[in-house]
Amino acid sequence: TDRPHEARDLFMKLTRQDKNDSEAWLMLGEASWALGDELGALTAARHAIKNNPQLAKAYILAGLIFQKRNELKHATEMFELADAHEPDDATTRILQGIMYQRNGKPDAAAQAYADALRREPNDPRAQRLLAGVVEPPPGR
């Protein structure tokens, strides 16, 4: 089936009908991201942010795109803005930790995962990721 393309087409239609619908822009961005359209996803995320600067998920989407492009300064800025709007959510700190870990910054990654666990002590993602940074990999 062509569901991702259908979804993107639907959200494009919705954003044409209401250019201020931040949720439609976010969904368009997520559909574009799923289809591998980084530019379309980033453009949609920016529209969502412009229309609703409190929409943390739009900053997360932009951060993921910048991270994939290896634009770490911009990714960090986006994750920090998302974090400012959702200060109790562990997800942004987990994503920052993953970014740090992939870029050879295990101490920063461990701190981000620990911060995520302070927010959500039972988050299995943060627990697993922190253990992977702190403990040596098997076979070493």
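User: How do the axes of α5 and α6 cross, and within what distance do they come?

Analyst: This is a predicted model. In it, the axes of helix α5, residues 72–85, and helix α6, residues 91–102, come within 9 Å and cross at roughly 165°. Because an angle over 145 degrees counts as roughly antiparallel, α5 is roughly antiparallel to α6.

User: Is the crossing left-handed or right-handed?

Analyst: The crossing in which α5 passes α6 is left-handed.

User: Which residues meet there?

Analyst: On the α5 side they are Leu72, Ala75, Thr76, Phe79, Glu80, Ala82 and Asp83. These meet Thr92, Arg93, Leu95, Gln96, Met99 and Tyr100 of α6.

User: And by class, what does that contact have?

Analyst: The contact of α5 with α6 has seven nonpolar residues, together with three polar and three charged ones.

User: Let me pick out Asp83. Is it buried or exposed?

Analyst: Asp83, which lies in helix α5, counts as buried because its relative accessibility is 15%, and the cut-off for buried is under 20%.

User: What is Asp83 in contact with, leaving aside its neighbours within four places in sequence?

Analyst: Apart from those neighbours, Asp83 is in contact with Asp89, Thr92, Arg93 and Arg119. Two of these residues, Thr92 and Arg93, are also among the α6 residues that α5 meets.

User: Moving on, where does Pro87 lie?

Analyst: Pro87 is found in the loop between α5 and α6. With a relative accessible area of 46%, Pro87 is partly exposed.

User: What separates Pro87 from Ala126?

Analyst: The C-alpha atoms of Pro87 and Ala126 are separated by 16 Å, and the two residues are 39 apart along the chain.

User: Now the whole protein. How many helices and strands are there?

Analyst: The secondary structure comes to eight helices and zero strands. Along the sequence, the pattern reads α-α-α-α-α-α-α-α.

User: What box do the C-alpha atoms fill?

Analyst: Taken along the principal axes, the box is roughly 55 × 30 × 30 Å.

User: And what share of the residues is buried?

Analyst: Of the protein's 140 residues, 40% count as buried. The protein exposes about 8200 Å², and carbon and sulfur atoms supply 52% of that area.

User: One last point: what share of the contacts with a separation of 6 or more comes from residues 24 or more positions apart?

Analyst: Such residues account for 45% of those contacts in the protein.

Definitions and conventions
Residues numbered from 1 in each chain as written. Predicted model: local features only at pLDDT ≥ 70, side-chain atom pairs only at ≥ 80, totals over all residues. Heavy atoms only, no water. Axes fitted to C-alpha atoms, helices over the stretch in contact; angles between N-to-C directions. Helix = DSSP H or I, 4+ residues; strand = E, 2+ residues; numbered from the N terminus. Parallel < 35°, antiparallel > 145°, perpendicular 65-115°, else oblique. Left-handed = near helix turned anticlockwise from the far one by under 90°. Contact = heavy atoms within 4.5 Å. Nonpolar A, V, L, I, M, F, W, Y, C, P; charged D, E, K, R; others polar. Buried < 20%, exposed > 50% of the residue type's maximum accessible area, 1.4 Å probe, protein only. Areas by Shrake-Rupley, 256 points an atom, 1.4 Å probe, with all protein chains shown as cover.
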